Amino acid sequence: MKQHYFLSHFKSSLIPVLLLLVTCSLSSCFLKQDRTTTVYGTITDQNGKPVDSIMVIAQGTRYLTFETLNHTYSDRNGYFEMVMDVPKKFGTLALVIPFYPTKNPKYQNNYKGKHTTKNDVRTNNCCTASIGEKTKYDFQLIPK
């Protein structure tokens, strides 16, 4: 009789624990991690004046491969912004100012590089953005 009481008590205690585990497991499968990422900033010349019409590309990276997710051009105030939902297959988001002669001629024809500031701190480690967050990149272009 004691053994029967123990088993019935054990079963009744085990059921709520199992239900809790199953519920937690299922809910984590359906929870969506927010991967909405915002990248913004300004592009200026060596004198700090805004530069318009400079293309900026956001690329998802995975195992040394890159895929363009979004692109934009700086406006007349040198400002750019991209908001995107980064697919889960990408672990990193890279920001690029490309030297494309047809799509970014102003940059290719007038500048040879850039100085970079990430979240208001000068950096030589260009240019990754945190997925699911806002990242600010300011670029000061170096003339030819």
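Here are some questions about the labels, with answers that go back to the definitions.

Q: What kind of model is this, and how are its values computed?
A: This is a predicted model, in which local features need pLDDT of at least 70 and side-chain atom pairs count only at pLDDT 80 or more, while totals for chains, interfaces and linings use all residues. Residues are numbered from 1 along each chain as its sequence is written, and side-chain values use heavy atoms, with hydrogens and water left out.

Q: What does pLDDT say about the protein and about residues 17-31?
A: pLDDT is the predictor's confidence in each residue, from 0 to 100. Its mean over the protein is 82, and 78% of the residues reach 70 or more. Over residues 17-31 pLDDT stays under 50, and the model has zero contacts there beyond four places in sequence; a contact means heavy atoms within 4.5 Å.

Q: How many helices and strands does the protein have?
A: There are two helices and nine strands, taken as DSSP runs numbered from the N terminus (helices are H or I, at least four residues; strands are E, at least two). Along the sequence they follow the pattern α-β-β-β-β-β-α-β-β-β-β.

Q: Why are strands E4 and E7 said to stand at the edges?
A: Five strands form an open sheet with mixed pairing, in the order E4-E1-E9-E6-E7. Strand E4 (79-85) and strand E7 (121-123) each have a single partner strand, so one side of each is left without a neighbour in the sheet. On average, neighbouring strands of this sheet are turned by 30 degrees against each other, direction ignored.

Q: What makes strands E6 and E9 a pair?
A: Two strands pair if DSSP finds at least two bridges between them. Strand E6 (residues 111-118) and strand E9 (residues 134-143) have seven bridges, in the antiparallel sense, so they meet the rule. Lys118 stands opposite Tyr137 in E9.

Q: Which strands stand at the edges of the four-strand sheet, and why?
A: This open sheet has the order E3-E2-E5-E8 and antiparallel pairing. Strand E3 (65-73) and strand E8 (128-129) are at its edges, because each has a single partner strand. Inside the order, five bridges join strand E2 (residues 55-62) to strand E5 (residues 92-96), with Ala58 opposite Leu95 in E5.

Q: Why is the pair of Phe80 and Phe139 called stacked?
A: Rings of Phe, Tyr and Trp (its six-membered ring) pair if their centres lie within 6.5 Å; planes under 30 degrees apart count as stacked, over 60 as edge-to-face and the rest as tilted. By this rule the count comes to four aromatic pairs. For Phe80 and Phe139 the centres are 6.2 Å apart and the planes at 25 degrees, so the pair is stacked. Phe80 lies in strand E4 and Phe139 in strand E9, so the pair ties together parts that are 59 residues apart in sequence. Ring pairs link Phe80, Tyr137 and Phe139 into a cluster.

Q: How do you know whether Phe80 and Phe139 are buried or exposed?
A: Buried means under 20% relative accessible area, exposed over 50%, and partly exposed in between (1.4 Å probe, protein chains only). Phe80 has 1% relative accessibility, so Phe80 counts as buried; Phe139 has 2%, so Phe139 is buried too.

Q: Which residues touch the most other members of the largest nonpolar core?
A: Among its 22 residues they are Val39, Ile43, Phe80, Leu93, Leu95 and Phe139. A nonpolar core is a set of buried Ala, Val, Leu, Ile, Met, Phe, Trp, Tyr and Cys residues joined through side-chain atoms within 4.5 Å.

Methods
Axes are lines fitted to C-alpha atoms, for helices over the stretch in contact, and angles run from 0 to 180 degrees between N-to-C directions.
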